[in-house]
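Here are my notes on the model, as a few numbered points. Have the coordinates open while you read.

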Amino acid sequence: MTKDFIKEGPTVTMFVPYDCNNCCPFCVNKEEYRDTSGFDLERCYRALDLMDAIYPHNDIVLTGGEPLADLDALERILNHIKPGHHVYINTTLPTNEDQDIHKVAEVLNRNKDKISCVNVSRHLKHYVKECSDEIFDLLEVRHRINCVVFQDAKDPETRERLLRVLERFEGHEIQLRANYSKLTLDNVFDTEEDDLFHLISDICEYKGALEKELFRTGFLFRYKNSRITYHKTLPYSKIGGRVGDIIIRQTGEIYDDWNDYGEELRLNELTLA
């Protein structure tokens, strides 16, 4: 798969049509998974094909729910996505009686040429059942620890928890994320009043701002041997008619924004994005 192309068009984010058993407090998708009766993987494939025809060189994010809850379905989805896209997977790396860390690593490694990065949720508190950290030694695919800091950044306990996460995953790439449910156009680019930015700056070595985008911004840090990014993104993705993320719902329907913000799109509207 060729990955040295320039991204074109909005990111396509697909909610996989199978649920997780988690209830993370900051999840903006959970409400969507309460009724699974309309979930349709085949229609999701058709939506992916349509998006590929319009945007053959954009990013595709597989999220949920939990993309690795059904490893066979995940591989079918990866096989269906045509070459020319950066593919990212948001996951908790779930294990159970049918799939241990070796099985999960085997599937991801087998598809490493199709996957640009696996974003692994590991937070200050354990909201999910976490598998052994030994899995990270098994992974050959690029992976990044994705940590949403849901807690009050001024609380000394938050500082201690954050330090434990940084020490636990020292040497790995780590992305710290603001609680996106609290972000708006008024504060997404702010650093002066951003307590979490100041906390991270106090703990880590600040390296500078990442490229600012319409819907998100980020900052680069170092902590010992770890590359740390602090990521702030809006919980919606349509501003003034410009669309940053196109959502494929679990039903295969295509929307122009996340959750309650989004509207179902017609083909002529997609070509204007």
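1. Starting with helix H2: its buried residues pack against strand S1 (11-15), helix H1 (41-54), strand S2 (59-63), strand S3 (86-91) and helix H3 (101-110). Contact here means heavy atoms within 4.5 Å. Helices (H or I, at least four residues) and strands (E, at least two) are DSSP runs, numbered from the N terminus. H2 covers residues 71-80, and its buried set is Leu 71, Ala 73, Leu 74, Glu 75, Ile 77 and Leu 78. Buried stands for under 20% relative accessible area, exposed for over 50%, and partly exposed for in between (1.4 Å probe, protein chains only).

2. A word on provenance. This is a predicted model, so to speak of local features pLDDT of at least 70 is needed, side-chain atom pairs count only at pLDDT 80 or more, and totals for chains, interfaces and linings use all residues. Residues are numbered from 1 along each chain as its sequence is written, and side-chain values use heavy atoms, with hydrogens and water left out.

3. Now the sheet. It is open, has eleven strands in the order S7-S8-S9-S6-S5-S4-S3-S2-S1-S12-S13, and its pairing is mixed. S7 and strand S13 (254-255) are the edge strands with a single partner each, so one side of each has no neighbour in the sheet. Two strands count as paired if DSSP finds at least two bridges between them. S2 and S3 run parallel, joined by four bridges, and Val 61 has Tyr 88 in S3 as its bridge partner. H1 lies across S1, S2, strand S12 (245-248) and S13, running at about 155° to S12; axes are lines fitted to C-alpha atoms, for helices over the stretch in contact, and angles run from 0 to 180 degrees between N-to-C directions.

4. Have a look at S8 (residues 216-223), where six of the eight residues are buried. S8 pairs antiparallel with S7 (residues 205-209) over four bridges, and Gly 208 sits opposite Leu 220. Six residues separate S7 and S8 in their hairpin. With S9 (residues 226-233), S8 makes eight antiparallel bridges, including Thr 217 to Lys 232. That hairpin has two residues between its strands, and Lys 224 in the turn has a positive phi of about 55°.

5. A disulfide needs a pair of cysteine sulfur atoms within 2.5 Å, and the count comes to zero. Cys 147 is buried at 0% relative accessibility, and Cys 204 is buried at 8%.

6. Lastly, salt bridges: the whole structure has 20, each a side-chain nitrogen of Lys or Arg within 4 Å of a carboxyl oxygen of Asp or Glu. Glu 130 and Arg 168 meet at 2.8 Å, N to O. Glu 130 is in the loop between strand S4 (117-121) and helix H4 (135-138), and Arg 168 is in helix H5 (residues 156-168), so this pair ties together parts 38 residues apart in sequence. Glu 173, buried at 16%, bridges to Arg 142 at 3.0 Å and to Arg 227 at 3.5 Å.
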